[in-house]
Every structure is written in C-alpha cells, then in structure tokens.
Amino acid sequence: MNNGYLKVEHAQALTGQVELVGAKNAVLVIIASLVLTAGKSVLHNVPVSADVLEMIELLRHLGAVIFFDTEKHMLTVDTSLVRSWTVSSTIMQKTRASILIMGALLARFGKAHVGLPGGDAIGKRPIDYHVKNFAKMGVSIRSEADCLYAEVDMLSAARIILEYPSVGATENILMAATRAHGVTKIINAACEPEVLDLIAVLQKMGARIVVETPATIIVEGVDFLHPVEHHIMFDRLEAGSLLMAVAATGGEIYLSQASADLLDVVLLKLEEMGHSITVGSDGKGIHLKATSTPQAVSFKTGPFPGFPTDLQAPMMALQCLATGTSIIEETVFENRFHHAYELQKMGASIKIEYNKAIVTGVEYLYGTQVSASDIRASTALVIAGMIAHGTTTVLGVHHWKRGYEALEKKLQHLGAVISLHEADVLHGPLPGIQKEQATP
Ligand code: EPZ
C-alpha cells in the first residue's frame with residue numbers, strides 16, 4: 001500500500017497563468033513507437049511523470065539507450081541496440097500503456113512475448129480488440145500464465161473493423177500496419193488527438209498513413225522507418241483539470257498553450273455552467289473567468305470529440321456545489337465512479353444508477369480523509385478539497401504522480417494551499433492518517 005498523500009486546504013479564488021506539459025497519453029505510445037526504428041530519436045516537451053518514467057524503463061529493458069534531460073523535458077532515445085522482444089509481467093503490470101509495445105515489436109521483430117498490462121482499475125479493460133485484430137494480420141498468439149506469445153513471419157495488411165473506437169487497439173494496430181505487407185484499413189478507429197500525434201510521428205518516420213472521415217485510418221506498409229525528432233502536443237487533460245480547478249474556486253486563468261479545438265465540448269459545458277471562456281483568435285490560448293453562481297450541467301462521456309472520460313471525475317467535483325442537478329453518464333468505462341463514493345464522504349449528494357451519477361448541488365463540502373483509486377479520481381478529490389471547509393487528506397498520491405508532473409506546484413502557483421507528502425515506506429501510516437478502508 002502506498003501511504004503518500006496530498007493535503008489540501010480550502011482555497012481562495014485561484015488566479016493566474018501556468019505552463020502546460022506534453023500529453024501523457026501521447027508520449028507513452030510515441031515512446032513505444034520508437035522501437036519501430038533503429039537509431040537515435042529526440043522527443044521534446046516530455047512530461048516527468050511516473051508513467052512516463054515506467055515506459056522509459058520498459059524500453060531500457062529491451063536494450064534502448066535513453067537520456068532524459070528532465071530540466072529541458074527532452075528525451076533522447078537510441079533504439080539501435082534493441083535486440084529483445086520479451087517484457088516481463090512485472091514490468092508490464094506497472095502501466096496500461098505497456099501493451100502498446102506489442103505492435104512496435106511485431107513490426108520490428110515479428111515477435112512479442114509480453115505479460116498482461118496493468119493500469120487504472122476503472123473497468124475490466126480487456127485487450128481482445130488488440131489480440132483478434134493482430135490475428136487478422138497473420139499473427140499467431142498463444143497465452144500462457146499471464147503472458148502472451150505473439151509471432152508472425154510477415155505481417156499482412158487487413159481490413160480491420162473496431163466494434164468500439166478503442167484508443168489502445170487503434171494505436172497498436174496502426175504501429176503493426178506501418179510495416180505490414182499491403183494496405184491496412186482501420187474502420188471505426190479512435191481519432192483522439194493523442195492518436196493523431198502518434199500518426200504525425202509515424203509519418204515523420206516515413207510511414208504512409210492517411211486519416212479519412214468517418215474515423216478511418218489507411219496505412220500502406222513500408223520496408224523501413226527512420227528515427228525522428230518531435231515536439232509532443234500539450235496535455236488537454238491537464239488543461240481541462242486546471243480550468244475545472246480554477247472554475248471550482250471562482251477564479252481566473254489563462255492557458256496560452258491550450259488549443260480550444262481539442263476541448264470544445266468541455267468548454268461548452270463550462271460555459272453552460274455560467275463560466276466565461278475566451279479563446280485566442282487562432283483558436284490558441286484559453287482564458288476562463290469563473291462565475292460566482294455556477295449552474296449544474298449534465299454530460300455524457302464518449303470518444304473524441306465527445307466529452308473525455310478522463311475529465312469526468314474532475315467535472316463531477318465541479319457539480320457538487322453547483323445549483324441544481326447534474327446527470328453524468330459514463331459510457332467509456334464500466335467502473336469509473338470510485339471518486340463518487342469518496343466525494344460522498346465529503347458531504348456531496350451523489351446517487352449512482354448503473355452508468356449514471358446524479359449529483360445534486362449542496363451548500364458545503366467538508367474536508368476529511370479520502371482515497372484516490374486512479375489518476376483522474378485524485379484530481380477530483382483535490383478539486384473537492386479546495387472547495388471544502390477544513391483540511392482534506394487525499395491518499396493514493398501515487399496515482400496523482402503517475403498522471404501529472406507536479407500539478408500540485410502549478411496549483412500552489414495559482415494560490416492553492418496544497419502539499420504533497422511522500423510515502424513513508426519505513427514507518428507506515430503517518431500521524432493522524434487513519435488506516436485505509438477498502439473502497440465500496
Ligand atoms: C486510453 O486507454 C487512455 N490511456 C485512457 O486514459 C483513456 O481513458 C482511454 O484511452 C479512453 O479515452 C492511454 O492512452 C495510456 P480504450 P485505453 O482502449 O487505450 C474497451 C488516463 O486517465 N476495450 O479506448 O486502455 C475498454 O474496456 C487513462 O489517462 C475492450 O473492450 O482505452 C473500454 O471500456 C485512463 N477491448 C473501452 O474499450 C479492447 O481490446 C475504451 O478503451 C480494448 C478496449
């Protein structure tokens with residue numbers, strides 16, 4: 001059990017401007033994709049978060065030589081010495097994104113022997129779309145004791161139909177298809193901005209990829225891919241979380257690096273609450289000025305450009321003190337309301353009915369000890385802590401650190417009273433911290 005925690009006090013109106021880091025969900029798959037090439041690549045705007053460090057370790061485990069200049073957020077990755085296609089369960093279990101190494105290894109070596117991935121407990125998170133569509137490309141896959149043994153003499157192109165536009169399955173098949181024999185078509189593909197950032201990197205490597213509407217990606221296999229230099233896109237989920245944190249405290253913020261077109265539905269919902277949003281003339285730069293009388297809004301999560309499931313939890317925290325009732329429908333993951341039970345401990349009025357959460361605005365929230373079960377849940381609980389009376393202790397800080405690069409420091413810069421307390425592995429729970437109860 002990780003007993004590090006965040007301590008959050010009631011905040012005055014957060015105000016100011018902060019820099020955004022590169023997108024976690026883009027850089028993780030892009031680091032994996034570098035195995036497609038044999039040589040030195042350079043990535044800029046790479047966030048220093050725990051999941052990114054785990055992905056770097058995974059590539060080192062395969063033989064890559066990596067230098068991470070964390071000051072400059074610059075990652076130099078030399079994959080010419082990558083000789084292995086085996087990744088143990090221990091390493092794979094550390095992140096969900098680890099599964100994304102499969103497509104790259106199959107394309108480079110025709111083999112991938114990997115354990116099953118880990119990741120947030122927000123649903124069953126099977127990998128059946130990955131496995132069955134690799135099989136369509138000629139890959140034989142044997143599963144034994146939590147490991148997958150995937151092998152192929154020559155990847156062949158295929159017409160791939162995804163029953164759901166899975167981000168991970170799209171990315172894995174995409175990477176395999178770059179070196180497959182012939183033209184692969186991925187129908188009902190995920191077109192999240194992070195997927196498009198991956199495609200930009202693959203095209204720079206020399207891959208032949210075209211994105212067509214509706215949600216169709218066409219890949220013509222090539223014989224060779226070369227190393228690249230790339231600037232990772234901004235993190236729209238960090239941007240969305242910051243906008244929501246500031247809105248919750250009645251403040252004002254300007255995010256110069258954020259592009260509105262990657263957050264359209266989120267901005268629409270914040271405006272419906274009564275917050276004023278201004279966007280730069282070229283769609284770049286988002287300014288939010290919060291209203292003092294927020295109205296509750298309802299929303300439904302879905303694939304991009306719909307409302308992102310990764311902002312569902314922070315947006316739920318925002319509804320807790322809003323006037324009226326909000327109905328939140330989670331359609332992407334079947335078990336992504338853990339944070340709701342923790343918000344109830346703080347006095348929020350939330351009813352869960354299957355994949356819907358009904359939030360009725362209350363007058364106050366009260367600080368107490370709560371526990372984050374995943375990255376985005378930790379954000380929701382920090383936001384709730386900033387609008388609650390008294391002190392809130394958020395356990396499970398390792399989730400926060402997996403998803404963000406020192407987000408607490410950016411909140412401090414905006415005026416929040418928040419502190420991160422590292423796990424004390426030697427002495428167990430810290431003074432005043434009650435032993436963690438199992439979440440319902
Ligand atoms: C990516 O996860 C992101 N993670 C998630 O962000 C994000 O929530 C998710 O996409 C949706 O946007 C990374 O990019 C590392 P999916 P992924 O495959 O690829 C089902 C965060 O907080 N499914 O699009 O795992 C699946 O169970 C994280 O940063 C299958 O049934 O998501 C889910 O219900 C959390 N079979 C739905 O599809 C499969 O083979 C969407 O999953 C694959 C997926």
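Biologist: How much space lies in the largest pocket?

Modeller: The model is a predicted one, and the volume given here is computed from its atoms. In the largest pocket, the space comes to about 1,000 Å³.

Biologist: Which elements give two or more residues to the lining of the largest pocket?

Modeller: The lining of this largest pocket is made up of 41 residues, and Arg96, Arg125, Val167, Gly168 and Phe333 are the ones that lie nearest its centre. By class, the lining has 17 nonpolar, nine polar and 15 charged residues. The elements that supply two or more residues to it are helix H1 (24–33), H5, H6 and helix H12 (375–387).

Biologist: On what side or sides of H5 do its buried residues lie?

Modeller: Helix H5, which spans residues 128–136, has Tyr129, His130, Asn133 and Phe134 as its buried residues. Because these cover an arc of only 125 degrees around the axis, they lie on the same side of H5.

Biologist: Which residue takes a positive phi in the hairpin of S8 and S9?

Modeller: Strand S8 pairs with strand S9 (residues 147–151) in the antiparallel sense, over five bridges, and Ile141 has Ala150 in S9 as its bridge partner. Two residues stand between the strands of this hairpin, and the one that takes a positive phi, near 45 degrees, is Ala145.

Biologist: Is Thr178 buried or exposed?

Modeller: Thr178 is found in the loop between H6 and strand S11 (183–187). Leaving aside neighbours within four places in sequence, Thr178 is in contact with Leu36, Leu202, Ala207, Ile209, Val219, Glu220, Gly221, Val222 and Leu225. Since buried means under 20% relative accessible area, the value of 0% for Thr178 makes this residue buried.

Biologist: What is the relative accessibility of Val297?

Modeller: Val297 sits in the loop between strand S17 (284–289) and strand S18 (299–300). Not counting residues up to four places away in sequence, Val297 touches Lys269, Glu272, Met273, Met315, Gln319, Ser326 and Ile327. Val297 counts as buried, because its relative accessibility is 6%.

Biologist: How far apart in space are Val297 and Thr325, C-alpha to C-alpha?

Modeller: In sequence, Val297 and Thr325 are 28 residues apart. In space, their C-alpha to C-alpha distance is 7.2 Å.

Definitions and conventions: Residues are numbered from 1 along each chain as its sequence is written. This is a predicted model: local features need pLDDT of at least 70, side-chain atom pairs count only at pLDDT 80 or more; totals for chains, interfaces and linings use all residues. Side-chain values use heavy atoms; hydrogens and water are left out. Helices (H or I, at least four residues) and strands (E, at least two) are DSSP runs, numbered from the N terminus. Buried means under 20% relative accessible area, exposed over 50%, partly exposed in between (1.4 Å probe, protein chains only). Contact means heavy atoms within 4.5 Å. The arc is that of the directions from the helix axis to the C-beta atoms. Two strands pair if DSSP finds at least two bridges between them. On a 1 Å grid over the protein atoms alone, a cavity is a set of points where a 1.4 Å probe fits but cannot get out, and a pocket is an open set with protein on both sides within 12 Å along at least five of seven lines; lining residues have an atom within 4 Å of a point. Grid points are joined across faces, edges and corners, and a volume is the space filled by probe spheres set on the points. Ala, Val, Leu, Ile, Met, Phe, Trp, Tyr, Cys and Pro count as nonpolar, Asp, Glu, Lys and Arg as charged, and the others, Gly among them, as polar.
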